[in-house]
Amino acid sequence: METKEIRWSLEVDGEVHVVVLQQQNQEYPLYVDGCLIEKLKIDKYFNYEYRFEICGKTCSIVKLITDKEIGFVFDGKYQNKTRKK
């Protein structure tokens, strides 16, 4: 089984946190700083959002049917280069 992963690094209050989303067939394990948060089930035919917090800041894993890639929103801002809002 091939595992693909997407990584985002972000700084909160001077500390760097690493968010990793792996793709393992139909499941997407979500890790923050190496700790498993949740195993997500993302369907490419529906809009999807999973919200969680890092140090009191709201984060979201977002998959829109109009986008090919999965997005990451931190504190209201997309971390993807392809989407501004």
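Contact here means heavy atoms within 4.5 Å. Before I go on, this is a predicted model, where local features need pLDDT of at least 70, side-chain atom pairs count only at pLDDT 80 or more, and totals for chains, interfaces and linings use all residues. Residues are numbered from 1 along each chain as its sequence is written, and side-chain values use heavy atoms, with hydrogens and water left out.

Back to Val73. You'll find Val73 in strand β7; strands are DSSP runs of E with at least two residues, helices are runs of H or I with at least four, and both are numbered from the N terminus. Is Val73 buried or exposed? Val73 counts as buried because its relative accessibility is 12%. The cut-offs are under 20% relative accessible area for buried, over 50% for exposed, and partly exposed in between, using a 1.4 Å probe and protein chains only. Val73 and Val62 are 11 residues apart in sequence, and their C-alpha atoms are 7.4 Å apart in space.

Now the core. A nonpolar core is a set of buried Ala, Val, Leu, Ile, Met, Phe, Trp, Tyr and Cys residues joined through side-chain atoms within 4.5 Å. The largest one has 19 residues, and Val19, Leu21, Leu40, Phe52, Ile61 and Phe72 touch the most other members. Two or more residues come from each of β1 (4-12), β2 (15-23), β3 (28-32), β5 (48-54), β6 (57-63) and β7 (71-74). β5 gives the largest share, 4 residues. In soluble globular proteins, nonpolar side chains tend to be buried together.

Let's zoom in on Val19, in strand β2. Val19 counts as buried because its relative accessibility is 0%. Beyond four places in sequence, its contacts include Ile6, Trp8, Leu30, Phe52 and Phe72. Phe72 is 53 residues away from Val19 in sequence, yet the C-alpha atoms are 9.2 Å apart. Ile61, again leaving aside neighbours within four places, has contacts that include Trp8, Leu21, Leu40, Phe52 and Phe72.

Which residues form one aromatic cluster? That would be Trp8, Tyr50, Phe52 and Phe72. Rings of Phe, Tyr and Trp (its six-membered ring) pair if their centres lie within 6.5 Å; planes under 30 degrees apart are stacked, over 60 edge-to-face, and the rest tilted. By that rule, there are 3 aromatic pairs.

Cys35 sits in strand β4 and counts as partly exposed because its relative accessibility is 47%. Asp33 is in the loop between β3 and β4 (35-40), and its phi is near 55°, a positive value in a residue other than glycine. Asp33 is partly exposed, at 40% relative accessibility. Asp75, in the loop between β7 and β8 (77-78), also has a positive phi near 55°, and its relative accessible area of 43% makes it partly exposed.

Last stop, the pocket. Here a pocket is an open set of points on a 1 Å grid over the protein atoms alone, with protein on both sides within 12 Å along at least five of seven lines, and lining residues have an atom within 4 Å of a point. Lining the largest pocket are, among others, Ile6, Gln23, Tyr28, Asp43 and Lys63.

Conventions: On a 1 Å grid over the protein atoms alone, a cavity is a set of points where a 1.4 Å probe fits but cannot get out, and a pocket is an open set with protein on both sides within 12 Å along at least five of seven lines; lining residues have an atom within 4 Å of a point.
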